[in-house]
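Reader: I'm new to this one. Please pick a single part and take me through it slowly.

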Amino acid sequence: MIDPILPYDLPPSVKAQLLELAARSDLLLLGEMHGTQEVPRLVLGLLAGLTALGYGGLGLELPKGQAERLTAWAAGEGKPPALFGPDGYRDGRDGEQTLALARQVS
């Protein structure tokens with residue numbers, strides 16, 4: 001079972017600056033060191049503001065073969081993907097927080 005994650009609470013002034021940047025942009029990209037929990041939690045904390053600005057999509061970096069399975073799982077069907085990599089291969093995309101984010105925003 002993948003537990004829900006809590007949003008990362010940025011200081012109000014920092015959150016306002018990020019949302020101001022998003023308001024002036026057509027696309028907002030956030031990068032991370034693979035396997036960290038901070039970016040999924042940061043995105044979750046920004047979702048309401050980004051949605052209010054008209055953002056309507058979330059892109060995740062994952063292997064092509066996992067997209068359909070992740071989408072189905074996020075919608076409540078089936079089992080979660082094998083944490084984004086073949087058995088024994090872990091490049092850091094296998095954070096449970098990324099899976100939790102996918103389920104919480106679907």
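**The second largest pocket**

Author: By class, the lining of the second largest pocket holds 8 nonpolar residues, 3 polar ones and no charged ones (nonpolar is Ala, Val, Leu, Ile, Met, Phe, Trp, Tyr, Cys and Pro; charged is Asp, Glu, Lys and Arg; the others, Gly among them, are polar). Bear in mind that this is a predicted model, where local features need pLDDT of at least 70, side-chain atom pairs need 80 or more, and lining totals use all residues. Residues are numbered from 1 along each chain, and side-chain values use heavy atoms, leaving out hydrogens and water.

How much space lies in this pocket? About 170 Å³ (a pocket is an open set of 1 Å grid points where a 1.4 Å probe fits, with protein on both sides within 12 Å along at least five of seven lines; lining residues have an atom within 4 Å of a point). Of its 11 lining residues, Leu58, Leu60, Leu70, Thr71 and Ala102 sit closest to the centre.

Now for the helices (DSSP runs of H or I, at least four residues). Helix H3, residues 67-74, and helix H4, residues 96-105, each bring at least two residues to that lining. The biggest share comes from H3, with 4 residues.

While you're here, glance at another pair: Lys15, Leu18, Leu19 and Ala22 of H1 meet Gly45, Leu46, Gly49 and Leu50 of H2 (contact is heavy atoms within 4.5 Å). Sorted by class, that contact has 5 nonpolar, 2 polar and 1 charged residues.

How values were computed
Points joined across faces, edges and corners; volume = space filled by probe spheres on them.
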